[in-house]
Amino acid sequence: MTTKQILYPNTKLWMAAIKPPMYSVAIMPIWVGTAVAFAETKIFNGVVFSTFVAAAILILAWENITNDVFDSETGIDQNKHHSLVNLTGNKPLIFWIGNLCLGLGLLGILAIAFWQHDLTVIGIILLCCGLGYMYQGPPFRLGYQGLGEILCFFAFGPLAVEAAYYSQTQTWSMTSLAASVIVGIATTLILFCSHFHQVKDDIAAGKRSPIVRLGTQKGAQVLVWFTASIYPLTLLFVLLGISPVWTLLSWVSLPFAVKLCRHVQENHNQPDKVSNCKFIAVAVHFWACLLFGLGFIL
Ligand SMILES: C/C(=C\COP(=O)(O)OP(=O)(O)O)CCC[C@H](C)CCC[C@H](C)CCCC(C)C
Ligand SMILES: O=C(O)C1=CC(=O)c2ccccc2C1=O
């Protein structure tokens, strides 16, 4: 066996464990909140924006790293070769690396609070972290009850977008709240998609994800409505004068949305084929949110 043959599967497993594309999920609420703030006030603080983005990535890293730690305790990740705990065999190390990411991320948010002489942003982000912990950590493990999507919507939607808006302006706005609904739905779509291929392991570990509860076929139908809701909502916000017409640029993400719905409808009960659907959902989220935010700036 050549070095390349030995290393390649390992590299693939590590990439699957770290999930680089997923981190756009941390960036988009900050991008959209900041874009709405700029559109409304012409204020843009680049240092606050960059610090917030870096902190959000670190906080999401904590969420994902500790997800593998907590999931290793319930046995749900027994067959997940790309779990960080299974890859390293060192749960305490992974746990403390996760906590280090959280500490550094919160330090970034504290710096914003310090610059603003205002604790609001750190308060909101601590609330997001609390939701993130309740999703997976004991004794709550609300994700195991199928409540993860609700937590996800509020954490990445209203809470994160409002925190980003506030970090630039130190005020609130209805427009950013409306925009946060789009970001929240697009992010929750990813979490919803992540369950399709895991039904067998989830049932075995007692996790009642929305897909376990609904079944994969009904789940695929719900996904279509859920995905489709983003587009009329953006149109409604334009017609109501809440967001500028350029936010309709987010409709450019429609081909990805169609691809996602078709792929899941055709393969919902074939774990090997449907397992990549969360990354198609990441593409829908990325383009929809990137262009939606851009629409506020143009
Ligand atoms: C870790 C998450 C999903 C993974 O779920 P699952 O256990 O099914 O995964 P595996 O199959 O890979 O084992 C995401 C959970 C999201 C959570 C509900 C909310 C997280 C809140 C964040 C901490 C907030 C970060 C906001 C940021 C923008 C400041
Ligand atoms: O690994 C995953 O499945 C997810 C990781 C993650 O950070 C995230 C964040 C927001 C929504 C969904 C997800 C995942 O599904």
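Predicted model: local features only at pLDDT ≥ 70, side-chain atom pairs only at ≥ 80, totals over all residues.

**Exercise 1.** Determine how many residues surround ligand 1 and which polar side-chain atoms lie by its oxygen atoms.

*Solution.* Step 1: the shell around ligand 1 holds 24 residues, and the closest are N67, K80, Y135, Q198 and K207. Step 2: a polar contact requires N or O atoms within 3.5 Å. Y135 places a polar side-chain atom 2.8 Å from an oxygen atom of ligand 1. For K207, the distance from a side-chain N or O atom to an oxygen atom of the ligand is 3.2 Å, and for a polar side-chain atom of D71 it is 3.3 Å. Step 3: on its own, ligand 1 has 760 Å² of accessible area, of which the protein covers 95%. Step 4: sorted by class, the shell comprises 12 nonpolar, 6 polar and 6 charged residues.

**Exercise 2.** Identify the helices that each supply at least two residues of the shell around ligand 2, and the side chains that meet its oxygen atoms.

*Solution.* Step 1: the residues surrounding ligand 2 include M22, L60, C152, F156 and T187. Step 2: helix 3, helix 7 and helix 8 (174-193) each provide at least two residues of this shell, and helix 8 gives the most, with 3 residues. Step 3: the side chain of K19 has an N or O atom 2.7 Å from an oxygen atom of ligand 2. The corresponding distance is 2.8 Å for a polar side-chain atom of N64 and 2.8 Å for an N or O atom in the side chain of K278. Step 4: ligand 2 taken alone exposes 340 Å², and the protein buries 88% of that.

**Exercise 3.** Compare the span of helix 15 with its expected value, and state how many of its residues are buried.

*Solution.* Step 1: helix 15 covers residues 277-297, which is 21 residues. Step 2: from first to last C-alpha, helix 15 reaches 31 Å, close to the expected 30 Å at 1.5 Å a residue. Step 3: helix 15 is mostly covered, with 15 of its 21 residues buried.

Note on methods:
Residues numbered from 1 in each chain as written. Chains lettered and ligands numbered in written order. Heavy atoms only, no water. Near = heavy atom within 4 Å. Polar contact = N/O pair within 3.5 Å; in protein donor to acceptor, adjacent residues only side chain to side chain. Areas by Shrake-Rupley, 256 points an atom, 1.4 Å probe, with all protein chains shown as cover. Nonpolar A, V, L, I, M, F, W, Y, C, P; charged D, E, K, R; others polar. Helix = DSSP H or I, 4+ residues; strand = E, 2+ residues; numbered from the N terminus. Expected span 1.5 Å × (residues − 1). Buried < 20%, exposed > 50% of the residue type's maximum accessible area, 1.4 Å probe, protein only.
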